[in-house]
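Open the model in your viewer and keep the selection panel at hand. The stops below say what to select and what is there.

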Amino acid sequence: MVTPRKISKGFAVDMLHGHRRRATPGTLPVEVLSEIFVFASLSHDDPNDTIVQPITISHVCRRWRQISIHTSLLWRNIYLFFPLTTHQLTRTTAWLSRSHHQPLHICMDFRDPSWDWNEYTHRFNWQAMETVMRFLLPKVHLWQSVELYTDTWAPMFTFLSYTTHARSAPCLRDIQLARCNAYFAGKGETFQPASMVSPVAWFNSGTGFSGLRNVSLSGVHVNWEKSGLQGLRVLELKYHAQDVMPSVEDFFAIMQACPQLERLTILGWGPRINHILGISPPTVQLPSLEDLSLGYVDVDYAIDLLSMISVPNLRSFSLEDVAVTLDPSDAQDASRLFDYFSSLINGDSVLHLPLPSIRTLSLRGVTVGNGTICPFLSLLRSVETLYLSGMDASSVRSLLEGMSLCSCLDTLVLDGIEPAILSVVLASISDTRKPGLRIFMDPPVDAADTDITA
C-alpha cells in the first residue's frame, strides 16, 4: 500500500516542472504520482466525480494502475445512488478493500425524481437499504462522514436500526440524514407512517460516538434521550413532525452536552413545549453559539423557543417562515415576533439575544409591517449584511425604508423578489440610501447578477 507523504500542491507542480525536460510522467517517483492522483481525485465537490476520477486514473497505463490501486486515499469515497445496481455494490466492495484503513466518506442518495409520493410504492425499499448496510456496517469503525438521502421512512428506519449494533464509530465526525419530505413539518401534521413512529437509539444508544462534531437531521428523528449528541459544533434539526421532537428536558440535555456549539439550525419545530403545566422552562446557555437559524411554522412557538435559549455571542441570525415554504398561500404575520425582539431592551435581555451585536441578518419569506420593523431595525447597531429573500412587496418596502437605522450596514442582498417590486422600492429610497451601500439582486433567470454600488 502506498501512502503518499504530505507534500504541497506547489511541491508536486515543481516536481513536474523539474522533470519536464529529462523525464516523463511515467518516470516520476511513485510518491509524487500518488500525491498527484490524490489531489486530482479529491478536489471535486460532486460525489460522482470522486468515483469517476480514480477509475480514469487507474486505466491510463499499467504503472498508473498499480500505483493508484495501492494508494488507499483514492478509494475512501463511497457513493451509492438510485437506482441501486449490482455494479454499484461490486464497486463498493472494491473501494472498501482498496481503501484499507483510511477513514471513509459515504454518500448515499436514494431519492427517485419520478416518485409518486406513495410511501409504500417507492422503488427503493427497506430490503435494498438492508443490502447496503450489510456491505457498509462491517467498516463502521472507519466511517468519518455519512450522508443519506431518502424519500420515504422505511429505508431510513433500516439504516438507523442497523446502526444500533455499532458499538463504536470512533472516526465519525459528520452525519447528515434527510428524509426529503418537508410536508410533515406543517402545523397539525403528525409523523407517518404511524406504525414506524417509534424512535431508534442509534449507535449503541449513543455510546458509539466519541468524536461527533456536525449533525444534520432533516425529517429524521432518533431516540433523543439516548441520542449521544454531545460535544457538537453544528446541529441542524429540520422539517420534523412536531410529535417526534424531543421533550424540553431532552433538548436541554443535548444543548448542555454541547458547550462548544457554534451553529444551531431549527427549521419547523424544536422541542415539544408543554404549556399545560403552566411552568416556564428554564433557559439554556449557549455561550459559543455564533450562528442561529430559526424557521418557524407558528409565530408564538418561535417566541417561546427563543425565550428558552441564551446566545450572548451571536453574530449571525436567520429567520424564515417555513409555512410559506410548505404552502405559499400560508404566510403568517410575524409582527408579534418582532414586537418580542423590540422588547429586548434591558441589559439582561440583550445578552439573552444580543441583537445589537449581530453582524449578519437574514429574513426569508417573513411578512412584517412598518410599525413593528422600525423598532427592531433600530436595535441592529452592528449589522453589516442584510439578506432578504422571498418576501412580499409590503414587507420589502418596510424593511428598506427603515434600513437607514442600521448605521453599519454596507451590504444588502435581495433574492427571489420580483424585479418590479425592487425597482419601485429602490427608487423610493434612493435619496436616503447610505453612500457606499452595496446592493446585490438575484435577477431573472435570463439576466446576469446585478451589483449596484450607491
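Select helix 10 (residues 299–306) and helix 12 (residues 335–342). Helices here are DSSP runs of H or I with at least four residues, strands are E runs of at least two, and both are numbered from the N terminus. On the helix 10 side, show Val299, Asp300, Ala302, Ile303 and Leu306; they meet Arg336, Leu337, Tyr340 and Phe341 of helix 12. Contact means heavy atoms within 4.5 Å.

This is a predicted model: local features need pLDDT of at least 70, side-chain atom pairs count only at pLDDT 80 or more, and totals for chains, interfaces and linings use all residues. Residues are numbered from 1 along each chain as its sequence is written, and side-chain values use heavy atoms, leaving out hydrogens and water.

Now draw the two axes. Those of helix 10 and helix 12 come within 8 Å and cross at roughly 25°. The pair is therefore roughly parallel (angles under 35 degrees; over 145 is roughly antiparallel, 65 to 115 roughly perpendicular, the rest oblique). Axes are lines fitted to C-alpha atoms, for helices over the stretch in contact, with angles from 0 to 180 degrees between N-to-C directions. The crossing is right-handed, meaning that the near helix is turned clockwise from the far one by less than a right angle.

Next, the core. Which residues have the most contacts inside the largest nonpolar core? They are Met108, Trp143 and Phe341, in a core of 134 residues. Helix 10 gives the largest share of this core, six residues. Such a core joins buried Ala, Val, Leu, Ile, Met, Phe, Trp, Tyr and Cys through side-chain atoms within 4.5 Å. Buried means under 20% relative accessible area, exposed over 50%, partly exposed in between (1.4 Å probe, protein chains only).

Centre on Trp143. Leaving aside residues up to four places away in sequence, Trp143 touches residues including Leu104, Ile106, Met133, Phe159, Cys171 and Phe203.

Move to Ile373, in helix 14 (residues 370–377). Ile373 has a relative accessible area of 0%, so it is buried. Beyond four places in sequence, Ile373 touches Phe338, Val368, Ser398 and Leu399. Ser342 is 31 residues away along the chain, yet the C-alpha atoms of Ile373 and Ser342 are separated by 8.7 Å.

Last, select helix 2 (residues 30–42). Among its buried residues are Val32, Leu33, Phe37 and Val38.

Zoom out. The chain has 16 helices and 16 strands. Buried residues make up 50% of its 454 residues.

How values were computed: The expected span of a helix is 1.5 Å times one less than its number of residues.
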